Amino acid sequence: MSNVEKKIVKWLQKNCWWLMLIVISFLAILIRYDVINFVSGDMSGFLIPWFDKIRKMGMYNALRQQVGDYNIPYQLLIILMAKFKVDPILGYKIISCCFDFVLAISTAVLATTLVKTHKKAALFTSVYTVVLFLPTVFANSALWGQCDSIYVSFIVLALVFLFKDKYGYSFIFLGIAFAFKLQTAFILPFYIYVYFAKKQFSILYFLISLVTFYLPCLPAILAGRSWLAPFNIYTQQSGEYPFISLNMPNIWALLGNTGHISDELYGYKYFNVMQPMALIFTIALLGVGLFFILNKSVNFNNAITYIKFAVWTVWTCVMFLPAMHDRYGYLVDILLIVATFLDSRLFAITVIEILVSTLTYGIYLFQIKIQLWLLVLMYVGAYLMMTYYVFIKTNVSDKMTNSIHA
């Protein structure tokens with residue numbers, strides 16, 4: 001090998017992780033570009049009509065009035081798209097795809113924050129790659145045209161700072177996440193767990209989240225909307241779909257009330273009876289989790305305990321709350337990826353959960369034929385396995401993980 005070749009090889013070895021990131025990023029962009037013209041039912045039935053209505057209304061009127069059922073910050077993005085005459089399909093998807101990269105970076109940062117290893121570059125690149133190529137991530141943004149990567153990115157950043165005990169920053173990002181999506185509420189019980197377990201921040205910190213929740217809504221409020229408008233949007237959302245489950249393979253899907261056309265009358269007839277039951281049941285389970293934390297003095301300074309309880313909390317909400325949509329397991333997918341890098345024994349659980357999530361996306365996007373009850377059994381089974389690892393194997397796995405990464 002010549003001296004020139006040796007220098008090139010040495011440079012490639014020294015910068016291999018940076019080069020890997022560049023290649024992975026390029027391939028991630030390529031796979032999204034390949035499907036960017038796909039038009040989902042939500043795109044044609046909701047997102048494009050919202051864009052057209054806002055474009056006709058004009059910027060000021062669109063600020064004053066609610067269009068669609070997404071909160072004000074996302075409507076502001078649509079207003080900007082209409083202002084600059086961006087093609088709506090490309091506009092929606094480019095915004096979401098950009099946040100795919102924000103999500104990949106923030107998830108990699110969370111992993112490198114939690115895992116004690118000197119190989120930070122390898123871990124960062126690995127998590128970054130997995131997130132970008134996770135089927136539910138690129139399908140959500142590039143195929144579906146949805147925006148779950150936005151609010152989940154901010155939740156993940158909030159969890160980074162929560163673990164670092166930088167509570168002010170954590171609650172700032174929590175409020176921003178909540179401003180974009182109501183499903184941020186899935187992580188709130190975990191904050192309650194940390195509050196009681198660590199006793200290091202005041203409940204008043206939630207006021208920080210209230211401030212950052214309102215900040216991206218200020219343009220609309222200054223244009224004439226009520227201060228309660230951001231919350232009213234979420235109140236209306238919660239009653240918009242009267243089905244116990246909407247194509248989400250959680251426990252309630254076994255009842256057959258899944259939001260399919262054939263179940264429409266069933267949904268309207270029984271939802272009001274089943275909704276309170278599901279809410280109470282979910283609160284009771286989360287309460288059991290809090291009792292366990294207080295009784296066992298669970299240590300949230302331990303990285304694997306921290307991420308496992310975060311996964312279980314969000315998954316419990318998705319599994320048992322009423323009117324869950326097929327996309328609401330998105331945050332579970334992301335947190336499970338991080339948890340698996342900390343504890344490889346969760347690999348099977350993660351594969352099953354992501355497989356079910358991907359197949360559920362396929363039911364909506366491509367009308368694939370699959371028995372929902374099979375997905376439910378897989379999904380519930382994976383959840384029960386996760387519950388076992390959280391409440392039965394927590395102490396053992398923590399000790400093993402600490403010895404591995406010490």
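Lys181 lies over the face of Tyr70, sitting 5.1 Å from the ring centre. A charge counts as being over a ring here if NZ of Lys or CZ of Arg is within 6 Å of the ring centre and within 35 degrees of the ring normal. Arg327 does likewise with Trp144, over the face of that ring at 5.4 Å from its centre. The model is a predicted one, with local features needing pLDDT of at least 70, side-chain atom pairs counting only at pLDDT 80 or more, and totals for chains, interfaces and linings using all residues. Residues are numbered from 1 along each chain as its sequence is written, and side-chain values use heavy atoms, with hydrogens and water left out.

Lys181 and Arg327 turn up again among the salt bridges, where they join Asp148 in one network through shared partners. A salt bridge is taken as a side-chain nitrogen of Lys or Arg within 4 Å of a carboxyl oxygen of Asp or Glu. By this rule, the count is seven. One of them pairs Asp165 with Lys198 at 2.5 Å, N to O. Asp165 belongs to the loop between helix 9 (148-163) and helix 10 (167-180), while Lys198 is in helix 11 (residues 188-198), so this contact ties together parts that are 33 residues apart in sequence. Helices (H or I, at least four residues) and strands (E, at least two) are DSSP runs, numbered from the N terminus. As for cover, Asp165 is partly exposed at 32% relative accessibility, whereas Lys198 is buried at 12%. Buried means under 20% relative accessible area, exposed over 50%, and partly exposed in between (1.4 Å probe, protein chains only).

Turning to the rings, a search of the whole structure comes up with 46 aromatic pairs. Rings of Phe, Tyr and Trp (its six-membered ring) pair if their centres lie within 6.5 Å; planes under 30 degrees apart count as stacked, over 60 as edge-to-face and the rest as tilted. Among the pairs is Phe320 with Tyr383, edge-to-face at 5.7 Å centre to centre, with 75° between the planes. Phe320 is in helix 16 (residues 303-320) and Tyr383 in helix 19 (residues 372-391), so the pair links parts that are 63 residues apart in sequence. Phe320 is buried at 10% relative accessibility, and Tyr383 is buried at 4%. Tyr388 and Tyr389 make another edge-to-face pair, at 5.8 Å centre to centre and 75° between the planes. Tyr388 is partly exposed at 39%, while Tyr389 counts as buried at 16%. Ring pairs also gather Phe163, Phe190, Tyr193, Phe292, Phe300, Tyr306, Phe309, Trp312 and Phe391 into a cluster.
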